[in-house]
Amino acid sequence: MISFENDYIAGAHPQVLNRLVETNLENLSGYGADPYCESAKDKIKKACAHPEAEVELLVGGTQTNLVVISTMLHDHEGVIAAGTGHINVHEAGAIEYTGHKVLALPHTDGKLMPEVLKKYLADFYADETYPHMVFPGMVYISHPTEYGTLYTLDELTRLSELCRSYQVPLYLDGARLAYGLMSQKTDVTLPDIARLCDVFYIGGTKAGALCGEAVVFTRKNMPPHFITSIKKRGALLAKGRLVGVQFDALFTNNLYFEIGRHAIQMAEKLKMIFHQKEIPFYLESPTNQQFVIFDNAQMEKLRQQVGFSFWEKYDKDRTVVRFVTSWSTTEDDLKKLEILLSELK
């Protein structure tokens, strides 16, 4: 059995796991007050070219989104997101559970476009009844998106300018940021994101860590008593070293970026295989997620030997499925897939 189900099917990247083993018997303070957490934060600031940034380490993406959004919004505010956004679809209503509404807007290939956001904000404040409505208090985007697509530097710049003109923070979910940064089609860098976003997070769980995400506040805008707020929401890890050691390893010798580069290289080869086997694309993304269409009989046959994710029904006879590459994807995996696809005909 080979698997392209997601980018966290394997445990930790060997270099990350080695550091966890090497530091395992060290006696360290808890809750992130250890030298590895501090070292990781310093390395992240350097990679962002933003020495004044404030960094905090959390355990997972949903917890990170919940904590950041709920602590930065006022009671009367909600968060704008593309209708396909992770917080709107696949986080089980976690944001609404905190008392804040997700204000879902139309998307283009998973992206919230500047012109859509501009119209929404203008229309909101042009409505004389807006005091009775949920105020837009934050804009949420993900890079890459749920469809593996990427914002251009121009799009990100325009979103940032809009947010600043309306005085709402721009928050970027970077669960798969490694793959966005290393895409062959991107013109956005990590320092660009730090410059244009008010807050973002660097995903570890989907990029070689056992678990963990690094939140970066770029405007001296970390909410007051943020650690207390994390703990209040059940998201503070007593053994904070677990995340600190991992991010310290990920941001040593460019490992985080090498992980992203490898997954992109594997994804490009994966796309070539699909093209050669004449498997139709639903969406051919520039990152590590690829969406293809199988007829239902092909899908059922292939899933006996290959792991992949159901995405959505295309029609009554065909289904859109997702294949994902990661640090653990190998050339042998691709060769085996190629053989199995040949046998589908």
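Helices (H or I, at least four residues) and strands (E, at least two) are DSSP runs that are numbered from the N terminus. The structure described with these elements is a predicted model, in which local features need pLDDT of at least 70 and side-chain atom pairs count only at pLDDT 80 or more, while totals for chains, interfaces and linings use all residues. Residues are numbered from 1 along each chain as its sequence is written, and side-chain values use heavy atoms, with hydrogens and water left out.

Helix α3 gives the largest share of the lining, 3 residues, and α3 (61–72), β5 (135–142) and β12 (309–313) each supply at least two residues.

Helix α3 also contains Thr 64, which counts as buried because its relative accessibility is 0%; buried means under 20% relative accessible area, exposed over 50%, and partly exposed in between (1.4 Å probe, protein chains only). A polar atom of the Thr 64 side chain lies 2.7 Å from the backbone oxygen of Gly 60.

Side chains of opposite charge can pair when their charged atoms come close. The structure holds 18 salt bridges, each being a side-chain nitrogen of Lys or Arg within 4 Å of a carboxyl oxygen of Asp or Glu. In one of them the side chains of Lys 41 and Glu 56 meet at 3.6 Å, N to O, and this pair links distant parts of the chain, with Lys 41 in helix α2 (residues 35–47) and Glu 56 in strand β2 (residues 54–58), 15 residues apart. Lys 41 counts as buried at 10% relative accessibility, and Glu 56 counts as buried at 10% as well. Glu 38, Lys 41 and Glu 56 are linked in a network of salt bridges.

Another salt bridge joins the side chains of Arg 158 and Glu 115 (3.7 Å, N to O). Arg 158 lies in helix α7 (residues 153–166) and Glu 115 in helix α6 (residues 114–126), so the pair ties together parts that are 43 residues apart in sequence. Arg 158 is partly exposed, with a relative accessible area of 32%, and Glu 115 is partly exposed at 47%.

Within helix α9 (residues 190–196), Arg 195 and Asp 192 are 3 residues apart, about one turn of the helix, and their side chains meet in a salt bridge at 3.0 Å, N to O. Arg 195 is partly exposed, with a relative accessible area of 45%, whereas Asp 192 counts as buried at 12% relative accessibility.

Finally, in helix α13 (residues 296–302), the side chain of Glu 300 makes a polar contact with the side chain of Arg 303 at 3.0 Å; such a contact is a pair of N or O atoms within 3.5 Å, and within protein one must be able to donate a hydrogen and the other to accept it, while residues adjacent in sequence count only if both atoms are side-chain atoms. Glu 300 is partly exposed, with a relative accessible area of 38%.
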